[in-house]
Amino acid sequence: MMISEKMQKALNAQMNRELFSWYLYLSMSAWLKDKNFDGMANWMAKQAGEEMAHARKFYDFIFEVRGKAELDAMEKPQAEWKSVMDVFQDAFKHEQYITKNIHDLVHQARKEKDLPTESFLGWFVDEQVEEESSVDAIINKLELMKDFKGGLYMMDKELGAREG
Ligand code: OFO
């Protein structure tokens with residue numbers, strides 16, 4: 001099975017978006033760490049690590065279907081945010097953007113009747129549901145806690161417990 005030129009380009013673009021997600025989340029982690037939210041910084045760094053693994057999945061798949069993975073230059077990620085809420089809202093928006101791109105890829109695979117690529121992308125369709133919902137849950141909790149003194153401290157502790 002060899003993918004089309006067009007599909008190879010589209011998969012490479014997504015691999016680079018996943019790498020940018022890694023870069024962006026690491027930048028968010030750095031902002032959080034600088035503000036002494038070590039637990040949230042830990043959560044975001046783990047999230048960044050997942051993005052690197054997503055990029056790697058695309059990298060491996062592109063070669064499996066006898067294409068060639070190609071790394072792009074990366075733009076400088078945002079480095080400043082107004083608040084913790086602002087960070088997580090931006091992460092949520094970013095996940096929605098990624099979801100849209102994954103869905104567009106699935107539509108392209110269907111158009112080309114490229115079943116292996118469609119099947120490969122199925123994992124990402126499910127993963128995006130999880131990614132959006134986990135960030136959304138954090139935003140909801142931040143919203144709930146916003147009037148409590150020590151609310152951010154509690155969230156920091158909770159998110160610091162993330163292991164994988
Ligand atoms: Fe956050 O899922 Fe990949 O990009």
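First stop, charges over rings: I found R162 over the face of W43, 4.8 Å from the ring centre. I count a charge as over a ring when NZ of Lys or CZ of Arg is within 6 Å of the ring centre and within 35 degrees of the ring normal. K57 sits likewise over the face of W123, at 4.2 Å from the ring centre.

A note on my source: this is a predicted model, where local features need pLDDT of at least 70, side-chain atom pairs count only at pLDDT 80 or more, and totals for chains, interfaces and linings use all residues. Residues are numbered from 1 along each chain as its sequence is written, and side-chain values use heavy atoms, without hydrogens and water.

Next, the rings. I get 9 aromatic pairs, taking Phe, Tyr and Trp rings (the six-membered one for Trp) with centres within 6.5 Å. F58 and F120 pair edge-to-face (planes over 60 degrees apart), with 5.2 Å between centres and 90 degrees between planes. F58 belongs to helix α2 (38-64) and F120 to helix α4 (115-145), so this pair ties together parts 62 residues apart in sequence. My helices are DSSP runs of H or I, at least four residues long, numbered from the N terminus. Both F58 and F120 are buried (under 20% relative accessible area, 1.4 Å probe, protein chains only). I also noted that ring pairs link F58, F61, F120, W123 and F124 into a cluster.

Technical notes: Phe/Tyr/Trp six-rings, centres within 6.5 Å; stacked < 30°, edge-to-face > 60°. Helix = DSSP H or I, 4+ residues; strand = E, 2+ residues; numbered from the N terminus. Buried < 20%, exposed > 50% of the residue type's maximum accessible area, 1.4 Å probe, protein only.
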